[in-house]
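These are my notes from looking up a structure that was new to me.

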Amino acid sequence: MKTGTPPFWKTKSLEQMTPEEWESLCDGCGNCCLEKFEDSESGEIRVFPVACEYLDVTTGRCMVYEARTRVNSDCLSLTVETIKEIHWLPETCAYRLLAEGKDLPWWHPLVSGRSKTVHEAGISVRDRVLPGSFVHPEDLRKKGRKKTRHSIKRRIVARKRLKEGDLDPGP
Ligand code: SF4
């Protein structure tokens with residue numbers, strides 16, 4: 001980027017961005033890939049410290065990104081339209097920040113120029129969550145009748161039925 005040239009996220013709307021620009025907004029925090037409960041009555045979202053089984057919890061990246069919707073039939077795409085409907089994206093998510101008219105923070109790789117700053121700032125899931133492969137799906141599923149689990153990976157939204165009280169959602 002030339003000095004003095006405003007970065008694309010300051011001059012373009014989400015709708016105007018190229019696919020490459022859109023993808024580069026993802027900071028790799030991995031927070032949208034954590035298992036979640038939605039209370040079917042109150043709508044409250046509770047996040048569990050367990051990642052989607054396809055998330056690399058060290059890098060914060062999906063291990064099957066290109067094939068994610070085929071590999072996991074629960075995954076849906078995050079788009080300009082769905083961002084408006086998803087109220088549980090992390091407050092730090094670049095897509096949410098820009099959709100709300102805010103700027104990217106200092107630790108975002110596009111701002112810092114380094115992918116590691118999202119980890120150094122303590123924003124990512126690294127060292128904070130269990131890999132999904134460590135938790136048997138039945139442990140998440142077997143009590144799931146009243147709750148809905150959500151898991152999203154950048155352009156992914158996943159929903160599965162769960163039952164309340166299976167896992168401690170943590171802080
Ligand atoms: S889509 Fe948002 S919450 Fe998910 S990994 Fe990317 S920046 Fe993080």
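**Confidence.** I began with pLDDT, the predictor's confidence in each residue, from 0 to 100, and found that strand β6 (residues 158-162) has the lowest mean value among the elements of the protein chain, 34, while helix α6 (residues 109-112) has the highest, 98. Over residues 143-171 the pLDDT is below 50, and beyond near neighbours in sequence this stretch has 91 contacts in the model, a contact being two residues whose C-beta atoms, placed from the backbone, lie within 7 Å. The protein chain averages a pLDDT of 80, and 77% of the residues score at least 70.

**Ground rules.** This is a predicted model, in which local features need pLDDT of at least 70, side-chain atom pairs count only at pLDDT 80 or more, and totals for chains, interfaces and linings use all residues. I number residues from 1 along each chain as its sequence is written.

**Arrangement.** I counted eight helices and six strands in the protein chain, taking helices (H or I, at least four residues) and strands (E, at least two) as DSSP runs numbered from the N terminus. Read along the sequence, these elements follow the pattern α-α-β-β-β-β-α-α-α-α-α-α-β-β. Among contacts between residues at least 6 apart in sequence, 60% join residues at least 24 apart.

**A strand pair.** I then looked at strand β1 (residues 34-39), which runs antiparallel to β2 and is joined to β2 by four bridges; two strands pair if DSSP finds at least two bridges between them.

**The core.** Which residues have the most contacts inside the largest nonpolar core? They are C33, L34, A51, L55, V125 and V129, in a core of 24 residues. The elements that give two or more residues to this core are β2 (45-51) and α5 (94-99), and β2 gives the most, with three residues. By nonpolar core I mean a set of buried Ala, Val, Leu, Ile, Met, Phe, Trp, Tyr and Cys residues joined through C-beta atoms within 7 Å. A residue is buried if 20 or more other C-beta atoms lie within 10 Å of its own, exposed if 12 or fewer, and partly exposed in between, with C-beta atoms placed from the backbone.

**Single residues.** Leaving aside neighbours within four places in sequence, N31 is in contact with P90 and V125.

F134 is found in the loop between α7 (117-120) and α8 (137-141), and is exposed because 11 other C-beta atoms lie within 10 Å. F134 and A51 are 83 residues apart in sequence, yet 9.3 Å apart in space, C-alpha to C-alpha.

D127 lies in the loop between α7 and α8 as well, and has a positive phi of about 65 degrees although it is not a glycine. Most residues other than glycine have a negative phi. With 9 C-beta neighbours inside 10 Å, D127 counts as exposed.
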